[in-house]
Amino acid sequence: MSDINTAQAPIPAATQRRHFVRSVLTNPTGLVASLALLVVVASAIFAPLLAPNDPSAVQIFKVNAVAGDGYLLGGDGSGRDIWSRLVHGGRNTFLGALITVVIAASIGVTAGLFAGFYGRKLDLVARWISDGIMALPALIVLLAFYQALGASIYLSMAVFGVMLSPGFFRLTRNLVNGVKHELYIDAARVSGLSDLRIITRHILLSVRAPVVIQTSIVAGIAIVVQSGLEFLGLGDPSTPTWGGMLQDAFSNIYVSPQAILWPGLAITATVASLVLLANAIRDRMQQGGVQVRAPKVLPLAASEPLPQAAPDVLLDVRDLVVAYPANDGWREVVKGVNLSLRRGEVLGLVGESGSGKSQTAFAILGLLSPGGRVLSGSILFDGIDLGKSSQHEVRALRGKRIAYVPQEPMANLDPAFRIGFQLVEPMMTVLGISRAEATRRALRLLARVKLPDPERVFRAYPHEISGGMAQRVLIAGAVACSPDLLIADEPTTALDVTVQAEVLDLLRDLQKEFDMAVMLVTHNFGVVADSCDRVAVMKDGRVVETNTVTELFAAPAHDYTRMLLDSVLEDGQTRTYRPPMTEEMRA
Amino acid sequence: MNDQILVDCRDVNVHFGAHHVLRHVNLTIRPGETVGLVGESGSGKTTLGRAILGIGPVSSGEIVFDGENIAGVPPRARKSQAAIQAVFQDPYSSLNPSMTIEDILTEPIIARRLASRADASRQVRKLLDQVALPSDAAERFAREFSGGQRQRIAIARALALSPRLIVCDEPVSALDLSTQSRVMDLFIEIQERTGVAYLFVSHDLAAVRHISHRVAVMRFGEIVEFGECDQVTARPAHDYTKRLLLAAPVADPARQAERRAAFRALEMTA
């Protein structure tokens with residue numbers, strides 16, 4: 001996202017937040033769930049207006065009556081109006097759920113924030129209490145409290161809130177652990193903000209969304225449990241409740257089977273809406289706000305007869321266009337690149353972030369990120385058009401004739417397997433040699449890439465070696481099958497400068513030894529000057545200039561190349577120190 | 001001359017468990033001066049920066065700032081509370097993604113009750129102007145900006161409290177080449193205007209040479225060389241500094257070939 005431009009129209013802050021709510025509502029699930037909840041909650045709030053009858057008023061001739069005659073949904077086992085009881089019952093249900101959620105969230109989130117932020121003893125004690133509460137059987141505790149404290153369902157729901165607080169606690173604590181080492185928290189500390197302010201302003205902001213989701217789900221659970229308790233006959237029998245209505249309908253199920261439908265429907269619709277709303281919010285968050293429909297896949301341009309490349313040209317890239325799906329069709333990241341690489345030549349592909357240099361390399365390797373596609377152009381490798389070859393054919397070339405050295409050596413080694421295994425397996429597959437032979441070759445290669453103790457590295461897990469050593473291992477793996485072409489994507493960017501010098505030396509030696517062509521993708525002109533024969537400068541998906549290294553540095557032809565070379569910090573005059581004169585110099 | 005010293009680190013040691021990550025570090029920074037701190041990963045340069053900022057531990061030794069020993073004292077407990085500010089390496093994680101730029105810039109001012117919310121908002125325009133960002137940036141979120149622009153916002157945040165020292169921890173390492181040189185120039189321009197001092201922590205000797213008055217070279221938690229910028233970066237005395245200097249490739253094929261040969265020769269003798 002580094003290429004977003006300030007010139008774009010400013011987006012006011014408020015729309016950003018509104019945008020989130022709107023995008024949850026444009027999701028069909030989110031919209032339906034929100035509307036359903038709105039209707040149920042509103043009908044509970046306006047129950048006195050919506051209910052034509054007193055929910056407790058008994059009309060003896062309407063016991064288990066069918067719908068009609070002033071009773072919209074019929075009468076219950078005691079001759080009370082089901083519709084009136086249903087809307088009034090919602091009040092009690094929502095109040096109970098609200099109590100549970102507020103208590104669970106306030107205890108859980110507060111404890112989670114502080115335990116996560118301060119860690120150590122506070123965290124230990126809080127986790128211990130939380131685990132203790134979780135170990136208690138909730139329903140039995142609720143029944144015990146009901147016995148001890150009397151017939152208030154609200155008190156039971158408050159107790160239930162405490163029982164559910166560990167869920168909020170664990171969620172919040174883990175989220176806090178994830179953000180508390182972010183640099184913006186350090187920056188807030190450095191500005192002299194109090195811990196309390198850092199927790200309430202910075203940390204709470206970043207944990208709020210998952211907490212909202214959790215709240216929605218917990219509210220659903222609370223409604224189910226509350227109805228369950230009331231169904232068992234707990235709670236004040238004089239107030240209409242959904243659970244109580246269920247119980248009444250259940251005992252009259254043979255007389256009036258349809259009566260159970262209404263409280264059941266109310267409970268189900270409410271709980272389902274809460275869960276679906278939570279899902280809609282979660283989907284929206286995971287999506288990151290971008291809704292991309294895969295655009296129509298265009299067929300590759302009809303193949304024109306390819307002009308024969310010069311005999312010593314190993315790789316010939318022509319008019320390569322690489323694109324990714326975007327909101328309005330395809331977004332091109334490589335816009336017609338031409339490159340050629342002779343056998344045994346080192347080509348530097350240089351540019352800033354977003355120039356398309358890595359995408360060009362990945363297109364050649366056939367390793368574009370999901371969605372990425374070569375829209376047009378050809379990639380001719382030793383007479384084979386990689387763009388038109390099948391996945392299978394490209395895979396057969398990759399690793400054997402085309403090798404790859406990545407930017408992040410550690411991320412490209414599987415932490416679960418020993419180094420030796422990760423070298424030997426591909427060699428056995430690609431070269432079809434025995435394990436013993438592959439092991440022998442791997443050890444020789446590890447020695448060849450100047451690892452001090454090849455045997456030890458062979459047996460080591462990736463975490464046991466340094467980044468520089470890991471890069472040597474990957475280089476060893478890359479040259480294992482004597483490839484014709486090595487594509488190295490910023491191979492030294494993640495390394496220390498002295499290690500970089502050593503790795504570049506190694507790459508140069510191996511290039512000569514195996515007579516490989518190398519495509520070196522880099523942003524560093526020093527690396528280009530050090531290692532390349534020719535260089536192609538990329539900007540905004542196009543190659544703006546290609547030349548031999550000597551000529552490009554001596555006389556850059558393109559303005560952009562000149563600007564980049566001017567940005568290289570050269571050994572100029574150093575600064576002279578002058579103490580600032582007075583206090584007012586400090587702005 | 002002692003009153004000419006802003007920060008004085010005296011025999012600073014830091015242990016992480018059994019690891020001795022800073023060993024007897026002595027370093028001074030004068031008012032309005034840039035001291036470059038160069039080293040490779042794991043050399044302890046960031047640890048020293050965090051110790052000065054008060055967000056990292058100090059096992060022994062003193063860090064004297066304005067006559068006050070601030071070693072191991074968190075920022076809030078210091079007499080000179082906000083006099084030392086920071087610009088961090090990663091412009092993506094150093095700005096809170098859920099706050100607007102205005103909230104980010106005014107928060108320290110409002111939280112420390114240095115100005116009312118209205119006055120603080122008025123200062124935002126001035127701060128954004130100082131780092132050459134348009135004033136409509138205030139209403140936007142950090143994610144709408146590029147790396148270089150985010151780093152400018154981080155600089156504006158550091159300037160909000162008129163600090164006397166800014167610890168810059170690899171502030172340009174994550175940026176593109178052309179952006180890098182513009183942000184470096186901004187740092188220099190702000191220093192010349194405000195007289196703020198910098199501790200410029202970096203692995204990049206060329207960047208350090210560009211901005212520093214004096215340079216310290218760290219390795220394995222020790223300062224192996226500390227002196228005038230030109231001397232350390234052009235005629236280093238210590239072998240390690242020489243290696244560091246020769247290892248960084250320069251954008252000139254002929255000169256780079258010579259340097260490579262010299263680096264190899266140094267490796268042989270080492």
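View 1. In chain B, 62% of the contacts between residues at least 6 apart in sequence join residues at least 24 apart. Two residues are in contact if their C-beta atoms, placed from the backbone, lie within 7 Å. The model is predicted: local features need pLDDT of at least 70, side-chain atom pairs count only at pLDDT 80 or more, and totals for chains, interfaces and linings use all residues. Residues are numbered from 1 along each chain as its sequence is written, while chains are lettered from A and ligands numbered from 1 in the order in which they are written. Chain B holds nine helices and ten strands. These are DSSP runs, numbered from the N terminus: helices are H or I with at least four residues, strands E with at least two. The C-alpha trace of chain B spans about 65 × 45 × 40 Å along its principal axes. Of the 270 residues, 55% count as buried. Buried means 20 or more other C-beta atoms within 10 Å of the residue's own, exposed 12 or fewer, and partly exposed in between, with C-beta atoms placed from the backbone.

**View 2. The side of chain B that touches chain A.** Here 71 residues of chain B are in contact with 56 residues of chain A. Elements giving two or more residues to this side of chain B include β6 (84-87), α2 (101-111) and α9 (253-269). Helix α5(B) gives the most, with six residues. The residues of this side divide into 28 nonpolar, 23 polar and 20 charged. Ala, Val, Leu, Ile, Met, Phe, Trp, Tyr, Cys and Pro count as nonpolar, Asp, Glu, Lys and Arg as charged, and the others, Gly among them, as polar.

**View 3. An open sheet in chain A.** Four strands run in the order β2-β1-β4-β5, with antiparallel pairing. The edge strands, β2 (329-342) and β5 (384-385), each pair on one side only. Strands pair if DSSP finds at least two bridges between them. Strand β4 (residues 373-381) and β5(A) pair over two bridges. A:F381 stands opposite A:I384 in β5(A).

**View 4. Positive phi at two non-glycine residues.** A:R120 has phi near 45°. A:R120 lies in helix α5 (residues 120-135) of chain A and is exposed, with 8 other C-beta atoms within 10 Å. B:A132 has a phi of about 60°. B:A132 sits in the loop between α3 (117-130) and α4 (147-159) of chain B. B:A132 is exposed, with 12 other C-beta atoms within 10 Å.
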